[in-house]
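Look over the chain below, then read on.

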Amino acid sequence: MVGKQQLNEELRQLAIKAQQHPANTKMRQIALTRLVNAIQRSGQLCRPYSGQFPGLYEDIYTSACNRTFLYICQNIDGYEPNRGEVIAWVNFIMKRRFIDAINEILSSFVKQSHCSTKRLWTENLEQLVESELNPLLSSEIIFWIKEDPDGLFQTTHISNHTEVNFQYLVIKRIEGYSWRELSEHLKIPLSTLSRFYDRCLTRFSSHLREYLY
């Protein structure tokens, strides 16, 4: 605990020192460099969405770190010592910049992919989610369905069953539940579940493509 307190105090003093020097001066740059180095050495920088985006995660993380440190250097005056620790402020920024990095890296990946891979986006979303031939795309789709940034997947539900929404069904299907098992558990006819699911696949396939391009 003492070590953490010492780290917080060190980062606080480095941030304050950087703020004390005018912008675009050598002394501020030196102070900012020391602050960034201390943050990197601290081991306290968060790793959002760890375990997702196999094969691309480290590229995304590196991009997010670069974006975060650039933001800190450009906006160090925005840090308010009386409102919290430096590392909490930095990790808040990191989580936001991580989303930007995801969009950047995935967009680059899609653009570099073979045109036959791009044509997959026009196929049925069910095939994309469950495809063993393209696990990366499946991970991307699963990520956005779980994140549901616009709230569409959670708010689109079966009539009179608000808990049975599109997001819920996708996750259950990914987990391996059959339609019969879901029907018995939810007490909803199998045909009702599958028709609702199919309608959602058609409705949201283009919406998901917009996230990933």
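In which sense, left-handed or right-handed, does H2 pass H3? The crossing of H2 over H3 is right-handed; a crossing counts as left-handed if the near helix is turned anticlockwise from the far one by less than a right angle, and right-handed if clockwise. This is a predicted model, in which local features need pLDDT of at least 70, side-chain atom pairs count only at pLDDT 80 or more, and totals for chains, interfaces and linings use all residues. Residues are numbered from 1 along each chain as its sequence is written, and side-chain values use heavy atoms, with hydrogens and water left out.

**Confidence**

- The chain has an average pLDDT of 80, and 78% of the residues score at least 70. pLDDT is the predictor's confidence in each residue, from 0 to 100.
- Helices (H or I, at least four residues) and strands (E, at least two) are DSSP runs, numbered from the N terminus.
- Over residues 114-137, pLDDT stays under 50. The model has 37 contacts beyond four places in sequence for this stretch; contact means heavy atoms within 4.5 Å.

**Helices H2 and H3**

- Two packed helices are described by the angle between their axes and the distance between the axes.
- For H2 (residues 26-42) and H3, the angle is about 145 degrees and the axes lie 10 Å apart. Axes are lines fitted to C-alpha atoms, for helices over the stretch in contact, and angles run from 0 to 180 degrees between N-to-C directions.
- From H2, Leu32, Leu35, Val36, Ile39 and Gln40 meet Phe69, Ile72 and Cys73 of H3.
- The buried residues of H3 include Tyr57, Ile60, Phe69 and Ile72. Buried means under 20% relative accessible area, exposed over 50%, partly exposed in between (1.4 Å probe, protein chains only).

**Serine 42**

- Serine 42 sits in helix H2. Serine 42 is buried, at 15% relative accessible area.
- Beyond its neighbours within four places in sequence, serine 42 is in contact with Leu7 and Ile87.

**Helix H10**

- In H10 (residues 179-186), Trp179, Leu182, Ser183 and Leu186 are buried. Seen down the axis of H10, these buried residues fall within an arc of 100 degrees, so they line one face of the helix. The arc is that of the directions from the helix axis to the C-beta atoms.
- Exposed Arg180, Glu184 and His185 are on the face turned away from the buried side of H10.
- Lysine 187 follows H10, and its phi is positive, near 60 degrees.
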